[in-house]
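Please work through every task with the structure open before reading on.

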Amino acid sequence: MDNNFSIEEVKERMKSGKLYFCDDERLLDEQIKRLDKVFEYNHLKPSEEIKKQKLLKEMFAEIGEGCHIETPFYASWGGKYVHFGSNVYANFNLTMIDDCEIYVGDNTMFGPNVTLAVAGHPVHPELRKKAAQYNLPIRIGNNVWIGANSVILPGISIGDNSVIGAGSIVTKDIPSNVVAVGNPCKVMREITHRDMEYYYKDMKIDV
């Protein structure tokens, strides 16, 4: 595999699903500066919300109004390739391996300890020893709820309004308007009108 790419070519390969070497010093120089921003964000006080919002707008490719990310949170490129809609909420320990694009729609929620990982490595050890990597974008729709300790793997899409149960490993695309859970994550049922009557098992909505 040719390692004599220009930095522009390497960055294009990062976004196109092609193999590249993630230990390229030209990448690491930029990446460390972005990781400094993550460190800065994680060390702001809970009361410093205005500073947090300002910093997120500097860090992310796009971020809408009303977004809140609890600390600590982690992003391998500091949000450079992350596109958040409006009113996205992330609980503690959101981890984004954001070496290429991650798209998240409006009003989506992440439980604690969720991982979004766009990066993969070849199975063959000789390539992995050389730090070969490929990236595939993740797309999450509007009004999605990702339960605690879930992992979203490279190239996955999750449709609008769906719920991913806690502890799920999402290895295949999930359609809109379903509840999906498990390892590997599978569709359990559709979201129906009953979900407007009962919020948990036989507990009726009374608000």
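A salt bridge is taken here as a side-chain nitrogen of Lys or Arg within 4 Å of a carboxyl oxygen of Asp or Glu, and by this rule the count comes to 10 salt bridges. The model is a predicted one, in which local features need pLDDT of at least 70 and side-chain atom pairs count only at pLDDT 80 or more, while totals for chains, interfaces and linings use all residues. Residues are numbered from 1 along each chain as its sequence is written, and side-chain values use heavy atoms, with hydrogens and water left out.

**Exercise 1.** Describe the contact between Glu 30 and Arg 34, and state where both residues lie.

*Solution.* Begin with the distance: the two side chains, Glu 30 and Arg 34, meet in a salt bridge at 3.2 Å, N to O.

**Exercise 2.** Which residue forms a salt bridge with Lys 37, and are the two partners buried, partly exposed or exposed?

*Solution.* The partner is Glu 58, with the closest N and O atoms 3.0 Å apart. Glu 58 lies in helix α3 (residues 49-59) and Lys 37 in helix α2, so the pair ties together parts that are 21 residues apart in sequence. For accessibility, buried means under 20% relative accessible area, exposed over 50%, and partly exposed in between (1.4 Å probe, protein chains only); Glu 58 is partly exposed at 42%, and Lys 37 is partly exposed at 32%.

**Exercise 3.** How many aromatic pairs does a search of the whole structure find, and what is the geometry of Tyr 41 and Phe 73?

*Solution.* Rings of Phe, Tyr and Trp (its six-membered ring) pair if their centres lie within 6.5 Å, and planes under 30 degrees apart count as stacked, over 60 as edge-to-face and the rest as tilted. The search finds five aromatic pairs. One of them joins Tyr 41 and Phe 73 edge-to-face, at 5.4 Å centre to centre with 85° between the planes. This pair links distant parts of the chain, Tyr 41 in helix α2 and Phe 73 in strand β4 (residues 73-75), 32 residues apart. Tyr 41 is buried at 1% relative accessibility, and Phe 73 is buried at 0%.

Key: Helices (H or I, at least four residues) and strands (E, at least two) are DSSP runs, numbered from the N terminus.
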